[in-house]
Amino acid sequence: MKIDINTYMSHFLDSNLIEKYNGRKNEIFKKLDTASMNGWLTPDVSCVSDILRVRDKVLSHSKCLVVIGIGGSFLGSCALYSMFTPYFKKRDFQVIFAGTTLSSSYMSELLEYLETVDFSINVISKSGTTMETSLTYSAIKNVMEKKYSKEEILERIIITTDSVKGNLRSEVKEKGYESFIIPDNIGGRYSLLTPAHLLPLSFCIDINELITGYQEGLKLKDEAFSYAVVRRSMFDQEKVVENFVTYENNFYYYMEWLKQLFGETEGKEGKGLFPSSMIHTRDLHSLGQFVQEGNKILFETFFYIKNMPSCMVDGRNLHDINLVVEDSVIAAHVSGGVPCIVLELDNLTPKVIGEVSSFFFLAAAFSGFLFDVDPFNQPGVEVYKSEVRSRLGE
Ligand code: PA5
């Protein structure tokens with residue numbers, strides 16, 4: 001991957017700001033190296049063989065895996081799963097991501113569907129106490145208990161959680177379910193290379209490729225810092241929204257993953273950029289108007305994928321047209337006063353996305369430090385949770 005923070009950006013930048021933030025590089029590199037929640041810099045992938053063993057076991061008796069989790073225990077695997085599974089082709093094995101809603105119509109339809117298919121569960125929660133996850137797990141376990149014997153259930157439940165704390169770990173100890181650990185020193189949104197995501201992803205990609213790419217991305221510290229410095233300077237110049245733009249529909253959940261990563265990392269103490277996303281060309285026909293001529297609060301980060309599978313339409317390769325549109329949109333937005341960053345990828349593979357993802361981890365952590373907030377906590381998420389607890393009388 002290559003990140004271009006100059007071509008469509010430099011004339012918008014204030015060199016004094018760039019110099020000021022670049023001057024903090026050594027201090028911030030040290031902060032990251034000594035942070036207690038930096039386990040994602042040295043991921044332990046010794047779990048891979050166990051993950052593949054459990055995947056094969058699930059494939060031997062199930063046609064469907066229900067992955068139950070939310071936030072950092074959901075978005076990474078869902079993002080890559082939707083990127084690397086076919087849009088339309090019928091699949092022999094299905095992964096369903098549940099636990100992200102309290103919608104009763106969704107839940108009753110899901111439960112009804114699960115009565116008709118052989119399935120297993122992977123419940124994922126670091127704390128073991130998240131309401132959406134717990135309620136969904138409970139509801140689906142009821143279906144399992146009606147459908148399968150105790151011995152069969154033992155083969156069909158996999159729990160991914162903290163190594164010692166929480167209800168789910170106690171359940172593993174009591175029942176003897178298969179289990180995986182989310183390490184103490186890795187927070188939810190930085191947990192892509194833990195079993196929380198590697199197990200669900202082992203059903204659709206070669207996770208070793210993802211790991212190789214991720215390790216490559218960790219070498220891009222300088223590039224990630226430069227990107228973080230530009231983002232930080234944009235904030236000072238009242239460009240308070242970073243709009244991530246893709247030309248591929250299967251990036252939808254990857255954009256959601258990015259929004260969580262940056263939103264939870266730097267949105268504290270009244271600071272931080274608001275991360276938004278658009279899928280082109282669809283959104284050019286709606287929010288494109290705002291970007292071109294509306295309030296100048298935005299800068300944009302474009303994903304630019306050079307090679308995609310070819311599809312000829314009227315004698316022209318559709319991807320070539322897509323890239324011409326992307327180049328034209330960047331030129332138009334720059335002329336409309338919107339600074340643009342371009343993240344160029346050769347193609348779309350698990351290795352490339354692994355590299356991009358650890359690059360974004362570095363950039364998010366550096367951005368948090370540049371805002372002088374803790375990049376690894378999310379105290380604001382607790383506020384609504386305690387309000388809910390008190391209203392439910394818990
Ligand atoms: O990034 C985070 O820490 C959060 O989004 C959590 O991942 C999310 O709230 C789910 O938490 P848990 O894994 O404890 O169920």
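Mentor: A salt bridge is a side-chain nitrogen of Lys or Arg within 4 Å of a carboxyl oxygen of Asp or Glu. Please keep in mind that the model before us is predicted.

Trainee: How many salt bridges does the structure hold?

Mentor: Let us begin with the general idea. Side chains of opposite charge can pair when their charged atoms come close. The structure holds 27 salt bridges. In one of them, Asp33 is paired with Lys221, and the closest N and O atoms are 3.7 Å apart.

Trainee: Where do Asp33 and Lys221 lie?

Mentor: Asp33 belongs to helix H2 (residues 25–34) and Lys221 to helix H11 (residues 221–236), so this pair ties together parts that are 188 residues apart in sequence. Asp33 is partly exposed, with a relative accessible area of 47%. Lys221 also counts as partly exposed, at 22% relative accessibility.

Trainee: Over which ring does the charged end of Lys221 sit?

Mentor: The charged end of Lys221 sits over the ring of Phe29, 4.8 Å from the ring centre. A further case of this kind is Arg156, which lies over the face of Tyr148 at 4.0 Å from the ring centre.

Trainee: Which residue meets Arg53 in a salt bridge?

Mentor: The side chain of Arg53 meets that of Glu178, at 2.9 Å from N to O. Arg53 lies in helix H3 (residues 48–61) and Glu178 in strand E6 (residues 178–181), so the pair ties together parts that are 125 residues apart in sequence.

Trainee: Is Glu178 buried or exposed?

Mentor: Glu178 is buried, because its relative accessible area is 17% and buried means under 20%.

Trainee: Which parts of the chain does the salt bridge between Asp346 and Lys306 tie together?

Mentor: The side chains of Asp346 and Lys306 meet at 3.4 Å, N to O. Asp346 is in the loop between strand E12 (340–345) and helix H15 (350–370), and Lys306 is in the loop between strand E9 (298–305) and strand E10 (312–313), so the pair ties together parts that are 40 residues apart in sequence. Asp346 is partly exposed, with a relative accessible area of 46%, and Lys306 is partly exposed at 35%.

Trainee: Let us turn to aromatic rings. Why is the pair of Phe74 and Tyr253 edge-to-face?

Mentor: One reads the angle between the ring planes: over 60 degrees counts as edge-to-face, and under 30 degrees as stacked. The structure holds 30 aromatic pairs. For Phe74 and Tyr253 the ring centres are 6.1 Å apart and the planes stand at 80°, so the pair is edge-to-face. The two residues are 179 residues apart: Phe74 is in the loop between strand E2 (64–68) and helix H4 (75–84), and Tyr253 is in helix H12 (residues 252–266). Phe74 is buried, with a relative accessible area of 10%, whereas Tyr253 is partly exposed, with 31%.

Trainee: What makes the pair of Tyr254 and Trp257 stacked?

Mentor: Their ring centres are 4.9 Å apart and their planes are at 25°, so the pair is stacked. Tyr254 and Trp257 are three residues apart in helix H12 and are therefore separated by about one helical turn. Both are buried.

Trainee: Which peptide bond is cis, with omega near 10°?

Mentor: The peptide bond from His280 to Thr281 is cis. Thr281 is found in the loop between strand E8 (274–279) and helix H13 (288–293).

Terms used
Residues numbered from 1 in each chain as written. Predicted model: local features only at pLDDT ≥ 70, side-chain atom pairs only at ≥ 80, totals over all residues. Heavy atoms only, no water. Phe/Tyr/Trp six-rings, centres within 6.5 Å; stacked < 30°, edge-to-face > 60°. Helix = DSSP H or I, 4+ residues; strand = E, 2+ residues; numbered from the N terminus. Buried < 20%, exposed > 50% of the residue type's maximum accessible area, 1.4 Å probe, protein only. Lys NZ or Arg CZ within 6 Å of the ring centre and 35° of its normal.
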